[in-house]
Amino acid sequence: MPILMLGLAAVLAVADQLLKYLVVQNLKPIGTYVLIENFLDFTYVENRGAAFGILSDQRWFFIVTTGILMALIVLLLFFYQRHTIVTYLASALILGGGVGNLIDRILLGYVVDYIHFSFFPPVFNFADCAVVVGTFLFVLHVLFTAERPKGEPVLRRRR
């Protein structure tokens, strides 16, 4: 299963890079294309930071941090003993999205973002979506399905 998940992560990273190539070729020259008025548009943005543009121009920090996290996920794919289909899928999504954005940071020095909902100020991309969905699946797993000793609550109250 780990090899299959690495393959899925590779497909996701390639899809992300293909989408970004199309965005650069077709959207960059015009800036913004409105798909649904006052709801969804595609806007070309060169994001030199993280979510919401925080830590702008910290390229090497993001390259090193992302590289370490991606290596850790690969190790966990092979050595974590309690995987479920949810943790496998979460790992593939996070890995594929992380690698997609890592490629941008290494080759371009920024991440190409292009999806913008009017009710959500930041502009994001396919790789970001994969990372968010993967993280959400992982959190659901930890909260609701992860094995723990009988009687131990998911969340403990502080005393």
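Predicted model: local features only at pLDDT ≥ 70, side-chain atom pairs only at ≥ 80, totals over all residues.
# Patch, sheet and salt bridges

Trainee: Which strand gives the most to the patch?

Mentor: Strand S1 does, with three residues.

Trainee: Where does Ile36 sit?

Mentor: Ile36 is in strand S1.

Trainee: Is Ile36 buried or partly exposed?

Mentor: Ile36 counts as partly exposed, because its relative accessibility is 42%.

Trainee: OK, let's zoom out. How many helices and strands are there?

Mentor: The protein has four helices and four strands. Starting at the N terminus, the order is α-β-β-α-α-β-β-α.

Trainee: And how do the strands line up in the sheet?

Mentor: They form an open sheet, ordered S1-S2-S3-S4, with antiparallel pairing.

Trainee: Which strands stand at the edges?

Mentor: Strand S1 (32–36) and strand S4 (120–124) do. Each has a single partner strand, so one side of each has no neighbour in the sheet.

Trainee: What about the twist?

Mentor: From one strand to the next, the twist averages 30 degrees.

Trainee: What holds strands of a sheet together, in general?

Mentor: Strands pair through backbone hydrogen bonds, and the pairing can be parallel or antiparallel.

Trainee: Back to S1. How many bridges join S1 to S2?

Mentor: Four bridges do, and the two strands run antiparallel. S2 covers residues 40–47.

Trainee: Which residue in S2 stands opposite Val34?

Mentor: Asp41 in S2 is the one opposite Val34.

Trainee: Where does helix H1 lie?

Mentor: Helix H1, residues 2–26, lies across S2 and strand S3 (111–117). H1 runs at about 80 degrees to S3.

Trainee: New topic. How many salt bridges are there?

Mentor: The structure holds four salt bridges. One of them joins the side chains of Lys20 and Asp16, at 2.8 Å from N to O.

Trainee: How far apart are Lys20 and Asp16 along helix H1?

Mentor: They are four residues apart in H1, which means about one helical turn separates them.

Trainee: Are Lys20 and Asp16 buried or exposed?

Mentor: Lys20 is buried, with a relative accessible area of 3%. Asp16 is buried too, at 0% relative accessibility.

Trainee: Which residues are in the network of salt bridges?

Mentor: Asp16, Lys20 and Asp104 are linked in that network.

Trainee: And Glu46? Which residue does Glu46 pair with?

Mentor: Glu46 forms a salt bridge with Lys28, with the closest N and O atoms 3.8 Å apart. Glu46 lies in strand S2 and Lys28 in the loop between H1 and S1, so this pair ties together parts that are 18 residues apart in sequence. Glu46 also forms a salt bridge with Arg48, where the closest N and O atoms are 3.2 Å apart.

Trainee: How accessible are Glu46, Lys28 and Arg48?

Mentor: Glu46 is partly exposed at 29% relative accessibility. Lys28 is partly exposed at 40%. Arg48 is partly exposed at 33%.

Trainee: Last bit, the whole protein. What share of the residues is buried?

Mentor: Of the 159 residues, 35% count as buried. The protein exposes about 10300 Å², and carbon and sulfur atoms supply 70% of that area.

Trainee: What box do the C-alpha atoms fill?

Mentor: Roughly 60 × 35 × 30 Å, taken along the principal axes.

Notes. Residues numbered from 1 in each chain as written. Heavy atoms only, no water. Pairing = 2+ DSSP bridges. Axes fitted to C-alpha atoms, helices over the stretch in contact; angles between N-to-C directions. Contact = heavy atoms within 4.5 Å. Buried < 20%, exposed > 50% of the residue type's maximum accessible area, 1.4 Å probe, protein only. Areas by Shrake-Rupley, 256 points an atom, 1.4 Å probe, with all protein chains shown as cover.
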